[in-house]
Amino acid sequence: MAGASAAAWAQAALASSSARRVQPPAATDCPREQLTLYAGTVQRWQRRTGRTDLSIHTEWGSTEQLRILHPGSDNPAPWFLLRRQAFQASDWAHIEARPGQLRPGLKVAAWVCSDGRNPLLDWQPPAAP
């Protein structure tokens with residue numbers, strides 16, 4: 001599903017009530033039975049030294065609060081992907097208008113493991129015009 005939007009993943013997940021599931025990115029090693037997907041639009045974003053907090057208004061109508069811990073750093077990028085690809089330093093320009101200020105209406109697919117590890121965020125910025 002490389003290049004698919006978070007909304008498309010959410011629609012695919014809702015389209016079938018069978019055992020079919022949305023494929024998690026290869027970058028996660030969380031057991032599938034412990035993995036949850038929150039796909040939607042980021043409503044709140046706060047990046048600071050030690051942690052990044054965000055809330056996602058999901059495609060299913062819920063609002064989910066997430067936290068990424070990164071002690072001693074203000075950089076949560078090790079837990080990021082961009083369109084299912086490894087996140088690069090140059091990718092910040094796709095998600096933040098300036099450091100600490102997320103671009104409005106940005107979509108993300110957050111893969112959350114129930115064992116308490118940091119979620120893996122797969123950013124889905126709009127394609128460049």
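Glu59 is partly exposed, at a relative accessible area of 31%, where partly exposed lies between buried (under 20% relative accessible area) and exposed (over 50%), with a 1.4 Å probe and protein chains only. Its salt-bridge partner is Lys107, itself partly exposed at 25%. This pair connects distant parts of the chain, with Glu59 in the loop between β2 and β3 and Lys107 in strand β8, 48 residues apart. The model is predicted: local features need pLDDT of at least 70 and side-chain atom pairs pLDDT 80 or more, whereas totals for chains, interfaces and linings use all residues. Residues are numbered from 1 along each chain as its sequence is written, and side-chain values use heavy atoms, leaving out hydrogens and water.

In the whole structure, 7 salt bridges are found, each a side-chain nitrogen of Lys or Arg within 4 Å of a carboxyl oxygen of Asp or Glu. Three of these pairs are listed below.

| Glu96 | Arg47 | 2.6 Å |

Glu96, in strand β6 (residues 96-98), and Arg47, in strand β1, are 49 residues apart. Glu96 is buried at 6%, and Arg47 also counts as buried at 19%. Asp53 is buried at 5%, while Arg51 is partly exposed at 26%.

The largest nonpolar core has 20 residues, and Trp45, Leu66, Phe80, Phe87, Ile95, Leu121 and Trp123 have the most contacts inside it. Such a core is a set of buried Ala, Val, Leu, Ile, Met, Phe, Trp, Tyr and Cys residues joined through side-chain atoms within 4.5 Å. Elements that each supply at least two of its residues include β1 (35-48), β3 (63-70), α2 (92-95) and β9 (120-124). Apart from this core lies another, of 10 residues, among them Val22, Leu81, Trp111 and Cys113. Not counting residues up to four places away in sequence, Phe87 touches Ala77, Phe80, Leu81, Leu82, Trp92, Ile95 and Trp123, contact meaning heavy atoms within 4.5 Å.

Overall, the protein chain contains 2 helices and 9 strands, taken as DSSP runs numbered from the N terminus (helices H or I, at least four residues; strands E, at least two). Of its 129 residues, 44% count as buried. Among contacts between residues at least 6 apart in sequence, 51% join residues at least 24 apart.
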